[in-house]
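Have the viewer open as you read.

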Amino acid sequence: MKITTPLLIVFEGIDGAGKSTQAALLYAFCRELAKTALLQEPTNSKWGKSIRKILQGELQATTQQMLDLFIHDRAYDVKHNIKPLLHKGYVVIVDRYFYSTAAYQAGDGNSPHDIVRMNCEKGFPVPDRVYFVDIEPEIALTRIDMRSGNNRDIFEKLSELTRIRSNYLSIADSSFCIINGNNSKEAIFDAIQKDFIQHFSDVT
Ligand code: ADP
Ligand code: TYD
C-alpha cells in the first residue's frame, strides 16, 4: 500500500477523549508505510513550558495571554518541526493544533471561527485531515481521573469541557472526521484507519 505524502494529520478533542492513544496507533501504522513523525502541542519551547505551568495552576494568565502563548508556541512548531518535515515528504501527525486554540481560547471577544482565521492568516499549514475524537465530557473526566488521579488541569471540569466540545463542533468543516470516542480503542482506530486509507492511499 502506498500513502500520498506529504500529509498533515491532526488529532483533536476535549481532554481525556483518547487523542494521544489514537495518534500513537496511527503513527505505528503509518511508519511502516512512509516517513512519519508524531508531534504534540503545546511543545517543549519556552512558550510551551510557560503554558504547562499555567495549565497546572502554578501561574495565572488571562484568556488573551493564553491565546498569545499558544500562537507563539505554534509559530515555533510550524517553523522548526512541521514545515521542515512536510518539505521532506513526511506524514506529520500532530496531537492538538489550532482547532484546540479555537475551542479552548474562544471568548473574551474572539469566536472559535475568529481564532481559526487568525491561525490561517499566520500562514500555519491547514491540515489534510482532522480526526476529532468526540466524547461525552462526563466520560472524559472519568478517564482523566483514571489516568492522572486527582491532578486535573484548569480545563478539566464539566462546565469547561462542555463549552469546549460545543466550540469544536461549531468549527467542524469538511476536513473533520468525527469519530465516536465512547467506543473501545480498537473500534475507534478501526474507523480512523478506514478513513485514512480511503483518503490517502492507493487502495480503493
Ligand atoms: P487524550 O490524549 O485525549 O487526553 P488519552 O489517549 O491520554 O486521551 O486517554 C485518556 C485515558 O483514557 C488513558 O488512560 C487511556 O488509556 C484511556 N483511553 C483512551 N482511549 C480509550 C477508550 N476508547 N476506552 C477506554 N479508555 C480509553
Ligand atoms: P494535553 O497534555 O494535550 O491534554 P490532554 O492529553 O488531557 O488532552 O494538554 C494540553 C492542554 O492545553 C489541554 O487542556 C488543552 C490545552 N490547549 C489549549 O487550551 N489551547 C491550545 O491551543 C492547545 C494546543 C492546548
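Which helices each supply at least two residues of the shell around ligand 1? Keep in mind that what you're looking at is a predicted model. The helices to pick out are α1 (19-30), α6 (137-148) and α8 (185-200). Of the elements around the ligand, α1 gives the most to the shell, with 3 residues.

Now zoom in on the ligand itself. The space taken by ligand 1 is the largest pocket, and 14 residues surround the ligand there. The closest are Gly 18, Lys 19, Ser 20, Thr 21 and Asn 183.

One oxygen atom of ligand 1 is 2.9 Å from a polar backbone atom of Gly 16. There's also an oxygen atom of the ligand 2.9 Å from an N or O atom in the side chain of Arg 147. For nitrogen, look to Asn 183: a polar backbone atom of that residue is 2.9 Å from a nitrogen atom of ligand 1. As for cover, ligand 1 has 560 Å² of accessible area on its own, and the protein covers 79% of that.

Is Arg 74 buried or exposed? Its relative accessibility is 2%, so Arg 74 counts as buried, the cut-off being under 20%. What does its side chain pair up with? The side chain of Glu 41 joins that of Arg 74 through a polar contact of 2.7 Å, and the side chain of Asn 119 makes a polar contact with Arg 74's side chain at 3.0 Å.

Key. Residues numbered from 1 in each chain as written. Chains lettered and ligands numbered in written order. Predicted model: local features only at pLDDT ≥ 70, side-chain atom pairs only at ≥ 80, totals over all residues. Heavy atoms only, no water. Near = heavy atom within 4 Å. Polar contact = N/O pair within 3.5 Å; in protein donor to acceptor, adjacent residues only side chain to side chain. Areas by Shrake-Rupley, 256 points an atom, 1.4 Å probe, with all protein chains shown as cover. 1 Å grid on protein atoms, 1.4 Å probe; cavity = no way out; pocket = protein on both sides within 12 Å on 5 of 7 lines; lining within 4 Å. Sits in = over half its atoms within 2 Å of the grid points. Helix = DSSP H or I, 4+ residues; strand = E, 2+ residues; numbered from the N terminus. Buried < 20%, exposed > 50% of the residue type's maximum accessible area, 1.4 Å probe, protein only.
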